[in-house]
Amino acid sequence: MNTMASVKEVKEDGTVIVEGYGIVFGGQDLEGETFTAQTDFEMDYVPSKKTFYSHRKDAEVKEELGVVTSHRVDDVGVWFEMQLNKSAKYLRAVKQLVDKGVMGISTGTASQLMDRNGKTIVKWPIVEVSLTPTPAEPRTIGVSFAKEIGLTDEEIV
């Protein structure tokens, strides 16, 4: 099962298509939290989701990288396809990081919209989807990079 972010296509016009899982069911993320197939993601809460770099937390990269063009929920988790703007200032650098397997996909919500039952997330309306080198869910980054930052095989799978 490949859950990491990858470049699907570079179009003739320079637009980059990235795909991968932003949520993986089971296991625990780095916060000790778990998403399940029963988690309510309210995918229509924000019908047109933007893609950012690290949830816009990095002061240097505040601009939108692109948009989510499709998603699906399956037995593994929530998979996304994102179209990155060819005019995005950091497009080339982000693509290179995805190609190297050091960029994961992470979803964001507004804290007042989410609900937990202990450490299990039961409601997580997805507001935005980010490409980030530090996803809470390490299974969305490349295996070699995950091992480099100290994760074991059991934590990656």
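Is K95 buried, partly exposed or exposed, judged by its relative accessibility? In this predicted model, K95 counts as partly exposed, at a relative accessibility of 24%. The side chain of K95 meets that of D99 in a salt bridge, with an N to O distance of 2.6 Å. Both residues belong to helix α1, which spans residues 91-99; because they are 4 residues apart there, about one helical turn separates them.

Another joins E33 to R116, whose closest N and O atoms lie 2.4 Å apart. E33 is located in the loop between β2 (16-24) and β3 (34-40), whereas R116 is part of strand β8 (residues 115-117), so this contact ties together parts of the chain that are 83 residues apart in sequence. R116, at 48% relative accessibility, counts as partly exposed.

A further salt bridge links the side chains of R72 and D74, with 3.2 Å from N to O. R72 is partly exposed, at a relative accessible area of 39%. D74 likewise counts as partly exposed, with a relative accessibility of 23%; this value falls in the intermediate class because buried residues must lie under 20% and exposed ones over 50%.

Note on methods
Residues are numbered from 1 along each chain as its sequence is written. This is a predicted model: local features need pLDDT of at least 70, side-chain atom pairs count only at pLDDT 80 or more; totals for chains, interfaces and linings use all residues. Side-chain values use heavy atoms; hydrogens and water are left out. A salt bridge is a side-chain nitrogen of Lys or Arg within 4 Å of a carboxyl oxygen of Asp or Glu. Helices (H or I, at least four residues) and strands (E, at least two) are DSSP runs, numbered from the N terminus. Buried means under 20% relative accessible area, exposed over 50%, partly exposed in between (1.4 Å probe, protein chains only).
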